[in-house]
Amino acid sequence: MFKAQMPAEAHRSQHIGWLRAAMLGANDGIVSTASLILGVAAANATYNNILLTGAAGLVAGSMSMAAGEYVSVGSQADTEKADLNRERAEISTISEFEHAELAQIYVDRGLDADLAKQVAKHLMAHDDLGTHARDELSINESFTARPVQAALTSAGAFALGGANAFKGALRVCFWGALAMIITAGIGAFFGTID
């Protein structure tokens with residue numbers, strides 16, 4: 001039987017996990033490092049102190065973002081693993097209930113009951129855990145938590161600060177300017193106290 005070749009579709013949503021980490025890291029890197037430097041500069045620090053503060057802030061912030069992202073995404077991965085283990089056990093012990101549960105999901109999505117039962121039967125025969133992971137638990141391979149990837153992306157984005165989308169740039173400019181103004185004001189206030 002001849003099978004037509006379908007062109008590969010490139011969807012952006014499959015990269016949403018690392019993109020979120022990159023945007024958070026870039027935004028935090030730009031805003032926190034720039035605010036820190038402005039706060040120290042407004043306190044009349046020397047050039048060397050400003051440079052040292054900026055370098056230390058960049059390294060500390062990058063490490064902090066990486067650690068935070070790793071812990072956050074690691075917790076998500078642990079939860080997904082626990083849910084998959086529970087689902088695996090339920091499929092092996094109460095298979096009929098799991099089949100009915102899956103069929104109801106398809107009915108809720110618009111299939112008639114008979115077709116939903118057939119779809120559930122065929123998909124569970126093909127990959128029972130994968131089908132339940134995707135359709136019941138909303139765990140998809142494209143969106144599975146990857147702590148190390150998230151940590152490295154967030155740390156790199158913090159250090160490099162490289163998002164160039166116009167909307168993102170406006171957000172960074174507004175909130176960054178606000179953070180820098182407040183930090184510079186605090187630096188100037190405390191820098192003038194003897």
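1. Ser 138 counts as exposed, at 62% relative accessibility (exposed is over 50%, buried under 20%, partly exposed in between; 1.4 Å probe, protein chains only). Its phi is positive, about 60°, although Ser 138 is not a glycine. Ser 138 lies in the loop between helix H4 (113-135) and helix H5 (147-160). Helices are DSSP runs of H or I with at least four residues, numbered from the N terminus.

2. On provenance: this is a predicted model, where local features need pLDDT of at least 70, side-chain atom pairs count only at pLDDT 80 or more, and totals for chains, interfaces and linings use all residues. Residues are numbered from 1 along each chain as its sequence is written, and side-chain values use heavy atoms, with hydrogens and water left out.

3. Asn 44 also deserves a look. Its phi is positive, about 65°, and Asn 44 is not a glycine. Asn 44 sits in the loop between helix H1 (16-42) and H2. Asn 44 is exposed, at 62% relative accessibility.

4. Next, helix packing. The axes of helix H2 (residues 47-93) and helix H3 (residues 95-108) come within 5 Å and cross at roughly 115°. H2 and H3 are therefore roughly perpendicular (65 to 115 degrees). Glu 87, Glu 90, Ile 91 and Thr 93 of H2 make the contact with Ser 95, Glu 98 and Glu 101 of H3 (heavy atoms within 4.5 Å).

5. Finally, the surface. Phe 174, Leu 178, Ile 182, Ile 186, Phe 189 and Phe 190 form a nonpolar patch with about 640 Å² of accessible area together. Ile 186 belongs to helix H6 (residues 166-191). Ile 186 is partly exposed, with a relative accessible area of 45%.

Conventions
Patch = residues over 30% accessible without salt bridge, like charges linked within 9 Å, V, L, I, M, F, W, Y side chains within 5 Å. Areas by Shrake-Rupley, 256 points an atom, 1.4 Å probe, with all protein chains shown as cover. Salt bridge = Lys/Arg side-chain N within 4 Å of Asp/Glu carboxyl O. Helix = DSSP H or I, 4+ residues; strand = E, 2+ residues; numbered from the N terminus. Axes fitted to C-alpha atoms, helices over the stretch in contact; angles between N-to-C directions. Parallel < 35°, antiparallel > 145°, perpendicular 65-115°, else oblique.
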